[in-house]
Amino acid sequence: MSQKTVQFVIGWLLTDEDLRRQFVERPRETLAEIRDKGYELTAEEMDALTRSAPPAWPSMARYIHPRLQRCRLR
């Protein structure tokens, strides 16, 4: 297990609106794409992140200062 990668993914989910939206809609597929990009995530880590209530991520992200957010340009 790579705690560093898990922490990175959590931070990424909290600060990247597009990734967060994708994760809420398709959590397993999103994590598989992250893993396929070369980030080491075990099946157990992916399962734990998926079970962490994906709809809660947007709520948690609201507590991160907007300057630290990567927001979608519409």
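1. Let me start with a pair to look at in the viewer: Asp47 and Arg51 join their side chains in a salt bridge, with N to O at 2.9 Å. The term salt bridge is used here for a side-chain nitrogen of Lys or Arg within 4 Å of a carboxyl oxygen of Asp or Glu. Arg51 counts as exposed because its relative accessibility is 66%, while Asp47, at 24%, counts as partly exposed. The cut-offs are under 20% relative accessible area for buried, over 50% for exposed and partly exposed in between, with a 1.4 Å probe and protein chains only.

2. A word on the model: it is predicted, so local features need pLDDT of at least 70 and side-chain atom pairs count only at pLDDT 80 or more, whereas totals for chains, interfaces and linings use all residues. Residues are numbered from 1 along each chain as its sequence is written, and side-chain values use heavy atoms, leaving out hydrogens and water.

3. Asp47 also meets Arg28 in a salt bridge, at 3.2 Å from N to O. This pair links distant parts of the chain, as Asp47 sits in helix H4 and Arg28 in helix H3, 19 residues apart. Arg28 has 45% relative accessibility and so counts as partly exposed.

4. The whole structure holds six salt bridges. Among them is the one between Asp36 and Arg35, at 3.9 Å from N to O. Asp36 is exposed at 62% and Arg35 partly exposed at 37%. Glu17, Asp18 and Arg21 are linked in a network of salt bridges.

5. On the overall fold, the protein has five helices and zero strands; helices (H or I, at least four residues) and strands (E, at least two) are DSSP runs, numbered from the N terminus. The radius of gyration, taken over C-alpha atoms, is 12 Å, close to the 11 Å from the globule rule for 74 residues, so the protein is as compact as a globular protein of that length. That rule is 2.2 Å times the number of residues to the power 0.38.

6. Helix H2 (residues 17-25) deserves a look of its own: Glu17, Leu19, Arg20 and Phe23 are buried there. Seen down the axis of H2, the buried residues fall within an arc of 160°, so they line one face of the helix; the arc is that of the directions from the helix axis to the C-beta atoms.
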